[in-house]
Amino acid sequence: SRPSTCTGRPIGTSMRPAAGRAGPGGGPQGGQPGPAKKLCVLAGLEIEMHHRRAVGARMGAGDASEARAALEQMLSDDITTTGADKKLDTVWRGAEAYHFLILAQRQLYGGDLEAALRTSIRLQEYEDLIDPRTAYSLMALTAFHGKQFAQCSRAFTKLEGLEGTPTARREAYEELALAIFTRHAPADAATARTFPCPKCQTLIPDWATSCGSCRTAFPACVASGRSLIERDRGRGIYMCPTCKHRAYEVEITGNCCPLCHSPIV
């Protein structure tokens, strides 16, 4: 038997998903991603509340000029700074990482392979926050079941190249990859849906997080993991007033923001 790239359990070459729990390394120091996401969301909400309290205190003290300056600074931060430059965005980025990890596993074990592949591929953007072995194992497992073998091959290549991987584990990756790709060519299924890049009109796969031609990056719908296409902005897209994340309205199943769980208004 060969070790699974998802959980380390013997699964042979069938790559059957184990019972729905996070693989090792899903959260900080190998913990679970659920509590990690909650902590990041709590930190983000606290920072938001601190900003609002600071402005409220200045306005209550009658210092209109200082309050106006604080409001202008907050608006400027929202408009001009990047995620890497803002403590608030850094915290929310952590929430995104664990949110998409949980979402990808939920989609996989729910049988929605296309959605699970889209979301698991997006996890590559968060290698500094979640264990890369967990992210690429999930991507390999999802792509295998979805018959997207080019993406599966990419995931195995990443797994085999991770620094610090024990020799026995690396050999297990190589053995399992050999078993898969001697039976399946490393090519994606022709059934993969495509859409035109809103900037250069190049057809790109449904799971793409950026355009391979013009390098335009697409933000994610926090309800589904789908890319939010620029031409669709403002049409059927909800933006949470609390965490400022967006989602396609048709993908939201409850009455709360999928990321921060604030009530939808």
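I looked up Phe156 and noted that Phe156 is buried, with a relative accessible area of 1%; buried means under 20% relative accessible area, exposed over 50% and partly exposed in between (1.4 Å probe, protein chains only). The model is a predicted one: local features need pLDDT of at least 70, side-chain atom pairs count only at pLDDT 80 or more, and totals for chains, interfaces and linings use all residues. Residues are numbered from 1 along each chain as its sequence is written, and side-chain values use heavy atoms, without hydrogens and water.

I then turned to aromatic pairs and recorded four in the structure. Rings of Phe, Tyr and Trp (its six-membered ring) pair if their centres lie within 6.5 Å; planes under 30 degrees apart are stacked, over 60 edge-to-face, and the rest tilted. Phe144 and Phe149 are edge-to-face, at 6.1 Å centre to centre and 75° between the planes. Phe144 is buried at 13% relative accessibility, and Phe149 is buried at 8%.

Phe156 and Phe181 are also an edge-to-face pair, with 6.2 Å between centres and 90° between the planes. This pair links distant parts of the chain, 25 residues apart: Phe156 lies in helix 6 (residues 149-161) and Phe181 in helix 7 (residues 167-181). Helices are DSSP runs (H or I, at least four residues), numbered from the N terminus.

I examined helix 7 next. Ala172, Tyr173, Leu176, Ala177, Ala179 and Ile180 are buried there. They lie on the same side of helix 7, because they cover an arc of only 160° around the axis, taken from the directions from the helix axis to the C-beta atoms. On the other side, Thr167, Ala168 and Leu178 are exposed.

Technical notes. Helix = DSSP H or I, 4+ residues; strand = E, 2+ residues; numbered from the N terminus.
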